[in-house]
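Welcome! Take a moment to look over the sequence and the 3D view before reading on.

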Amino acid sequence: MKIDWSENDFVTHWKYYKPPARASPSDLEFIKNKILEKGKEVKVLILGATPEYRELCGNLDIPVALLDFSRNNYEYLSDEVFNAPKEMFIEGNWLHSKLSDKFDIILGDNVINVLPKKDIPLFFKNVANMLKKDGFFMPRSYIRTPEETNFKVEEGIKEYRKKKHIYGLYTGMSRAFYIGAYNFKDDVSFLKDWFKAAEKMYKKGLINKKELDFFLDKVGWKDREFQFFIPLDKELTGTISEHFDILEVFYGTEPYLENKLPLHVLKVKR
Ligand SMILES: C[S@@+](CC[C@H](N)C(=O)[O-])C[C@H]1O[C@@H](n2cnc3c(N)ncnc32)[C@H](O)[C@@H]1O
């Protein structure tokens, strides 16, 4: 299983990925307080180049290190950071890179979700090496529940029409495709399959042309080989627990998060 980040125009679509794909205001407030808990000299590492996390560090006037294997993504996303902190970009892989520093806080937005399931133990092991003894690793991740294995895209669209339209198309409808088109056998989802499901819904008259075009042009799912892993809640807790102690699990308070995007606060098991 290969996740292809070489389709480097993908990054140009991310501005349309609203929460829950990105941290919500309550998630950011929670993270802010955790950073402040560590005091003025706090050392923060971001896995990836998440604009919201960089902006938060800029507002707190805290320098930040970023670890991403795509300098192109980092540079492109820099235009979305209006109050940039002092940044040190490290070009490297979360699975293998050895860093000379250790960090008080490591942030990762949807990092578990963009890795192949089989790589998660190696990932946790490597991140644990980057963390200070009392540091916090704080991944924010999509999870799913066993009941959702029977979920149908149609159901999600019905819910959107009934009550979730108030959140906007991405926030209110995207999960219908993430879960409705999930490949439960291989425990992975392809973005191209989310688009195929959207086309099917269009043909059935359940979504309109404007909505279909959003998933085509704006979020760019069509023909995209990119893969997304959404672990079962309990399985994720089990794998995490082999490497970290779970200090806290925060669920953002916005109703559209539906308790399906935990933000874990983890400490290395010694
Ligand atoms: C953090 S993820 C998920 C998107 C997320 N919502 C964001 O923008 O923060 C996106 C970034 O992770 C990077 N990435 C993915 N796998 C990686 C890996 N194994 N090592 C280093 N960077 C990786 C990609 O290049 C991309 O810039």
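Predicted model: local features only at pLDDT ≥ 70, side-chain atom pairs only at ≥ 80, totals over all residues.

**Helix H4**

Let us begin with helix H4, which spans residues 120–130. Its buried residues are Ile120, Phe123, Phe124, Val127 and Met130. Because they cover an arc of only 115° around the axis, they sit on the same side of H4. On the face turned away from that buried side you will find the exposed residues Pro121, Lys125 and Asn129.

What covers the buried residues of H4? The cover includes the elements in this table.

| Element | Residues |
|---|---|
| Strand E1 | 44–47 |
| Strand E4 | 103–109 |
| Strand E5 | 131–140 |
| Helix H9 | 233–243 |
| Strand E8 | 244–251 |

**The nonpolar cores**

The largest nonpolar core has 38 residues, and Val44, Ile106, Leu107 and Met138 touch the most other members. H4 supplies the largest share of this core, with five residues. A second, separate core is made of 24 residues, among them Ile157, Met173, Ala176 and Trp221.

Setting aside neighbours within four places in sequence, Met138 is in contact with Ile31, Lys34, Ile105, Ile106, Leu107, Leu263, His264 and Val265.

**Around the ligand**

How many residues surround the ligand? There are 18, and the closest are Gly48, Thr50, Phe69, Ser70 and Asn73. Sorted by class, this shell holds nine nonpolar, six polar and three charged residues.

Conventions: Residues numbered from 1 in each chain as written. Near = placed C-beta within 6 Å. Nonpolar A, V, L, I, M, F, W, Y, C, P; charged D, E, K, R; others polar. Buried ≥ 20, exposed ≤ 12 C-beta atoms within 10 Å, placed from the backbone. Helix = DSSP H or I, 4+ residues; strand = E, 2+ residues; numbered from the N terminus. Arc of directions from axis to C-beta. Contact = placed C-beta atoms within 7 Å. Core = buried A, V, L, I, M, F, W, Y, C linked by C-beta atoms within 7 Å.
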